[in-house]
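Subject: The structure for you to look through

Hi,

Here is the structure I promised to pass on. Please open it alongside this note, and my findings follow below.

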Amino acid sequence: MRRLLSGNEAIALGAYHAGVSVATAYPGTPSTEILENLARLPGPYVEWSANEKVAMEVGLGASYGGVRALVSMKHVGLNVAADPFFAASVTGVRGGLVVVSCDDPGMHSSQGEQDNRHFARFAKIPMLEPSDSQEAYDLMSIAFQLSEEFDTPVMVRSTTRISHCKGVVEIGEAASWQPKRPRFIRDLDKFVMVPSNARKRRPLMEERVATLARWADNFPKNEVIIQNTRLGVIASGAAYQYAREVFKKASFLKLVATYPLPKQLIADFSRQVETLVVVEELDPFMEEQIRAMGLEVKGKEFVPPIGELTIDTLEDSAHRVGLLKNVRRALSRKETQVELPVRPPVLCAGCPHIATSFVLRRLGFYRHLNPLEANEGGKLPSGLRQGGIIATSDIGCYTLAVYPPLLALDTCACMGASIGQALGLEKAGVANKIVAVIGDSTFVHSGITGLVDMVYNQSAGTVVILDNDTTGMTGHQGHPGTGISPRGEKLTKVDLEYLCRGLGVRDVNVVNAFDIAQIEHTLRRCVESEETSVIIARGPCPLKERPTSRPFSIDADRCDGCATCLRLGCPALLREGDKATIDKGRCVGDACGICLQVCPREAIVRAEKEIA
């Protein structure tokens, strides 16, 4: 049976047919669809975990219980999960434990770029890299078998192109879900890592790597393709596909097991070609190891170490260093595709975060400007307003409020960092009032401990939780604060107000996310307080819930072109000539109503007909 599957769909189905019993994840592009697709299949337990660390711990526990477990996350998620990830390498497993890490070269939807192949080497565990959807499907069964045979977690590394591109996948007719029977066998030497036991496990990890290297030399998915022997290319993953397009006549060593490297196989391949090159995205991970073997190899002299690799980039570089001569250039993407219009990064029309961002902008660090000044020529404002509030922000769609015209935020580093950063600024003695801004999903992910730290260390800071009752940025997944499972079932909902009070915050406030006056009044009071305070600004995401309402329009006779409404950055509000206008196709009307509150001329009015 054949199916057209993306890499993420293939990973999910491959794990299912391999008998996975427990699957955990925290959503994050490009990995999100793995758990979403598993949740559509009957049988396995699936959960959106509070964060990647918890996901890894749940998966590890399931493995100890003798069943197969899958843990998936985006590349930066593995940073969060690093502690149990490394611990799993030390204890080993019982049922197979596969960790899927999805890298994002080019940072299409990430705050940073990193090559997670280093994690596998660092943790001394095997790593497999699919180069298409078929391999993504096939490797899941192999990865679970490898995990159980060598008593180790196995890392499967995907990248954005592998995760999201579709290909035809051959699936066995008899494939079905056949899980292992759970059974925990008490083994203190293996599962209790007191120092005396950990010291016994350490040599086993080195022996495991050496054994796995010999296994990789004979792994049939590591494929040698001999054509013209003047040039030999070693590649893996998406880079292999790009290299095949550019070096059509070369010989190839396609590696699927990329840690530990199959050194004997590489050495044998190198003796069959005149020039050896490594094509890999991001870091010279394989190149450095091959060079350490004493082999002469080219790599980062022509393959960029930054950003997503493309066929055009690779071909240009190969011409530059003389690896390609007199070869007709492939049609570039720019020559074959119509350029799409540029879409400015803005919050959605009807977004509940707009009002809070507008208030932060009004009270904030940046000096006030003429509303048109920030947009002219794309120039950002210079100068800071003395005494203004500093807003530390977090990872989520609300981070888009950093762009003009809102310019509401001052920092953004990683998941959960906004609260700790606010405390750090406060304890550094910065004179300004400081507000930490964080989404509901991110607060549950890793903001709770920051708030605990604020309470314990007697902070006078304010935390604003932007609660839209979903994980908005990655596609409306549930989290403990929503009480919705990956299968759409209602579960126990963690109450954020009670949670904050339970952590010791006495000043907890819930405000209507669309009520500017209420938000501003509460925020002004909280920042003047001498104790830790929390404001939960609650309102639904308009992409998740679009209630029936009447859109607004502009009364041209009243509008004097002051452009105050345009400061909201709502994409439904536009300038037409010297006056504002409203795109009724985008406006969610009185389900939002933020613009109605800021117009000094009362020129925004409700339309007669409802929209659904």
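With 612 residues, a compact globule would have a radius of gyration near 25 Å, and the protein chain comes out at 27 Å, which agrees. Please keep in mind that this is a predicted model. The C-alpha trace spans about 80 × 65 × 50 Å along its principal axes. The protein chain contains 21 helices and 23 strands. Of the 612 residues, 54% are buried. If you take the contacts with a separation of 6 or more, 74% of them are between residues 24 or more positions apart.

Now to the aromatic residues. The structure has 10 aromatic pairs. One of them is Phe85 with Phe119, an edge-to-face pair with 6.0 Å from centre to centre and 85° between the planes. Phe85 belongs to helix α5 (residues 82–91) and Phe119 to helix α6 (residues 117–123), so this pair ties together parts that are 34 residues apart in sequence. Phe85 and Phe119 are both buried.

The pair of Phe86 and Phe122 is also worth a look. Their ring centres are 4.7 Å apart and their planes stand at 70°, so this pair is edge-to-face. Phe86 has a relative accessibility of 22% and counts as partly exposed, while Phe122, at 63%, counts as exposed. Ring pairs link Phe85, Phe86, Phe119 and Phe122 into a cluster.

While you are at helix α5, have a look at Thr91, which is found there too. Thr91 is buried, with a relative accessible area of 4%. Leaving aside residues up to four places away in sequence, Thr91 touches Leu60, Tyr64, Asp151, Lys190, Met193 and Arg201.

Next, helix α16 (residues 353–363). Of its 11 residues, 10 are buried, so this helix is largely enclosed by the rest of the structure. The buried ones are His353, Ile354, Ala355, Thr356, Ser357, Phe358, Val359, Leu360, Arg361 and Leu363. And what covers them? The cover includes the strands β14 (390–393), β16 (434–439), β17 (462–467) and β19 (533–538), together with the helices α20 (516–528) and α21 (594–598).

Another buried spot is Ile162, which lies in helix α8 (residues 160–164) and has 7% relative accessibility. Ile162 and Gly237 are 75 residues apart in sequence, yet their C-alpha atoms are 7.5 Å apart in space. Not counting residues up to four places away in sequence, Ile162 touches Ser6, Gly7, Asn8, Pro130, Ser131, Asp132, Gly237 and Ala238.

Finally, some backbone details. Most residues other than glycine have a negative phi, and most peptide bonds are trans. Here are some places that depart from that:

- Tyr259 and Pro260 are joined by a cis peptide bond, with omega at about -10°. Pro260 sits in the loop between β12 (257–259) and α12 (263–270).
- From Pro404 to Pro405 the peptide bond is cis, and omega is near 5°. You will find Pro405 in the loop between β14 and β15 (411–412).
- Lys124 is not a glycine, although its phi is positive at about 65°. Lys124 is in the loop between α6 and β6 (127–128).
- Glu602, also a residue other than glycine, has a positive phi near 50°. Glu602 is in the loop between α21 and β23 (604–606), and at 58% relative accessibility Glu602 counts as exposed.

Best wishes, and enjoy looking around!

Definitions and conventions. Residues are numbered from 1 along each chain as its sequence is written. This is a predicted model: local features need pLDDT of at least 70, side-chain atom pairs count only at pLDDT 80 or more; totals for chains, interfaces and linings use all residues. Side-chain values use heavy atoms; hydrogens and water are left out. Helices (H or I, at least four residues) and strands (E, at least two) are DSSP runs, numbered from the N terminus. The radius of gyration is taken over C-alpha atoms; the globule rule is 2.2 Å times the number of residues to the power 0.38. Buried means under 20% relative accessible area, exposed over 50%, partly exposed in between (1.4 Å probe, protein chains only). Contact means heavy atoms within 4.5 Å. Rings of Phe, Tyr and Trp (its six-membered ring) pair if their centres lie within 6.5 Å; planes under 30 degrees apart count as stacked, over 60 as edge-to-face and the rest as tilted.
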